[in-house]
Amino acid sequence: MASMAARTYNIATLCLPRDMCKAEKNEMATKLGFYRSRRVAMITSKNGKFSVRTSAGGTPRSVETINGKVNGVHVGEGTLFGNKNSTELIKDSDIDAPAHSSLHGNFVEGRFVYRQTFVIRSYEIGPDKTATMETLMNLLQETALNHVTSSGLAGNGFGATREMSIRKLIWVVTRIFIQVQRYSSWGDVVEIDTWVDAAGKNGMRRDWIIRDYKTQEIITRATSTWVIMNRETRRLSKIPEQVRQEVLPFYLNRVAVATEKNDSEKIDKLTDGTAGRIRSGLAPRWSDMDANQHVNNVKYIGWILESVPINVLRDYDLTSMTLEYRRECRQSNLLESMTSATASLAEDSNCKNNSINRRPDLEYTHLLRMQADKAEIVRARTEWHLKQKHKLH
């Protein structure tokens with residue numbers, strides 16, 4: 001019952017002239033969709049057009065559509081009155097079309113770059129009312145999966161191609177580096193570009209750029225490395241030539257993060273003796289598992305931050321994060337989160353600058369490991385900047 005409110009659907013109301021509401025004078029059928037949201041939607045008409053407005057706390061706000069899409073979902077805008085071919089607000093084809101025709105973005109620059117837009121929702125922000133690092137990582141992952149699906153390569157696996165599905169292979173990430181210039185706020189629209197390229201002989205690199213849709217300012221850059229694993233034996237595999245030929249036409253020789261700004265250095269291993277803080281007893285839940293039957297890689301971020309001091313989480317922005325994945329984690333495993341702080345870097349002129357044109361104020365090394373046998377799951381490095389509001393005081 002506790003989750004009932006979260007599933008409540010908004011009621012869309014249609015405002016029409018009084019005489020148009022008489023059933024005997026008008027046989028127009030309107031088909032309205034229901035949207036998962038915390039806001040109440042109202043559809044109104046003006047000059048023969050309909051528009052969607054939402055209400056948050058009683059004050060209506062207009063919802064702008066981005067290339068006809070909001071959060072990747074097509075929003076039709078058609079004539080409300082007129083000839084008999086335009087009597088329905090939303091055509092049958094818009095409702096009954098398969099998910100891939102409405103939920104995805106589109107290719108730009110030929111078919112090399114895939115682009116999708118999202119609205120930052122209320123449940124994707126943190127205490128400071130901006131998107132969290134986990135939110136950004138989830139959006140990157142969603143765009144990547146939709147890229148594969150929209151390319152026509154998707155098999156029956158989670159992000160796997162057809163040839164990979166035949167061979168029971170899946171993609172697994174080994175390393176991600178993300179730089180954040182600025183976090184978006186609730187209601188902001190972001191535009192994400194993603195593309196792929198080869199990474200050595202048996203890996204694939206995937207890059208992303210996140211822009212503020214309104215200003216087109218690049219606010220986040222990310223790069224990652226992926227390898228292939230057999231989903232049954234859980235062993236890494238070379239890329240079969242058939243798979244290579246599938247993805248080769250989509251390779252783009254371009255980087256989102258310049259080489260000199262990419263954190264490619266090895267992350268030091270933490271031990272009980274070198275860790276400043278240890279948080280034990282972290283337990284994965286069933287909902288943390290993904291379609292490949294292991295813990296979703298984004299879930300690790302929250303556990304890593306469990307051992308970061310609360311004053312850092314409150315007063316600093318996480319401006320870059322490097323994740324180095326070592327092994328899988330299952331639901332039955334109890335975890336430990338470990339963190340070690342590097343001395344303040346603000347005055348260190350010899351500090352390597354991995355953030356976007358800024359020297360970090362704090363840097364931490366992290367380790368997420370099995371509590372029972374101490375086996376490593378993820379090594380991580382984070383950089384932090386004092387929030388602007390604190391610099392002003």
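In this predicted model, helix H2 covers residues 133-151, and its 19 residues reach 27 Å from the first C-alpha to the last, close to the 27 Å expected at 1.5 Å a residue. Of the 19 residues of H2, 14 are buried, so the helix is largely enclosed by the rest of the structure. The residue that follows H2 is Gly152, whose phi is positive, near 85°.

Three cavities of 30 Å³ or more are found in the model. Which element gives the most to the lining of the largest cavity? That element is H2, with three residues, and both H2 and strand E11 (203-212) supply at least two residues of this lining. The largest cavity holds about 110 Å³ of space, and the residues that line it are His147, Val148, Ser151, Leu153, Gly159, Thr161, Trp171, Val196, Met204, Arg206, Val247 and Phe250. By class, this lining divides into seven nonpolar residues, four polar residues and one charged residue.

The second largest cavity has a volume of about 70 Å³, and its lining is made up of Met137, Leu140, Gln141, Ile176, Trp208, Trp226, Asn297 and Val298. Here again H2 provides the largest share of the lining, with three residues. Six residues of the lining of the second largest cavity are nonpolar and two are polar, while no charged residue takes part.

**Salt bridges**

Side chains of opposite charge can pair when their charged atoms come close.

| Pair | N to O distance |
|---|---|
| Glu109 and Arg254 | 2.7 Å |
| Asp263 and Arg381 | 2.8 Å |
| Arg314 and Asp315 | 3.2 Å |

Asp263 and Arg381 are both buried.

In the salt bridge of Arg314 with Asp315, the closest N and O atoms are 3.2 Å apart. Arg314 is partly exposed at 48% relative accessibility, whereas Asp315, at 16%, falls under the 20% limit and therefore counts as buried. Elsewhere among the charged residues, salt bridges that share partners join Arg115, Glu191, Asp193 and Arg211 into one network.

**Details in the loops**

Asp361 is placed in the loop between strand E16 (335-342) and strand E17 (362-370), and at 16% relative accessibility it is buried. The side chain of Asp361 reaches the backbone nitrogen of Leu386 at 2.7 Å.

Most residues other than glycine have a negative phi. Lys129, although not a glycine, has a positive phi of about 70°, and its place is in the loop between E8 and H2. With a relative accessible area of 60%, Lys129 is exposed. Lys168 likewise is not a glycine but has a positive phi, of about 60°, and it is found in the loop between helix H3 (162-166) and strand E9 (169-180). Is Lys168 buried, partly exposed or exposed? At 35% relative accessibility, Lys168 counts as partly exposed.

Key:
Residues numbered from 1 in each chain as written. Predicted model: local features only at pLDDT ≥ 70, side-chain atom pairs only at ≥ 80, totals over all residues. Heavy atoms only, no water. Salt bridge = Lys/Arg side-chain N within 4 Å of Asp/Glu carboxyl O. Buried < 20%, exposed > 50% of the residue type's maximum accessible area, 1.4 Å probe, protein only. Helix = DSSP H or I, 4+ residues; strand = E, 2+ residues; numbered from the N terminus. Expected span 1.5 Å × (residues − 1). 1 Å grid on protein atoms, 1.4 Å probe; cavity = no way out; pocket = protein on both sides within 12 Å on 5 of 7 lines; lining within 4 Å. Points joined across faces, edges and corners; volume = space filled by probe spheres on them. Nonpolar A, V, L, I, M, F, W, Y, C, P; charged D, E, K, R; others polar. Polar contact = N/O pair within 3.5 Å; in protein donor to acceptor, adjacent residues only side chain to side chain.
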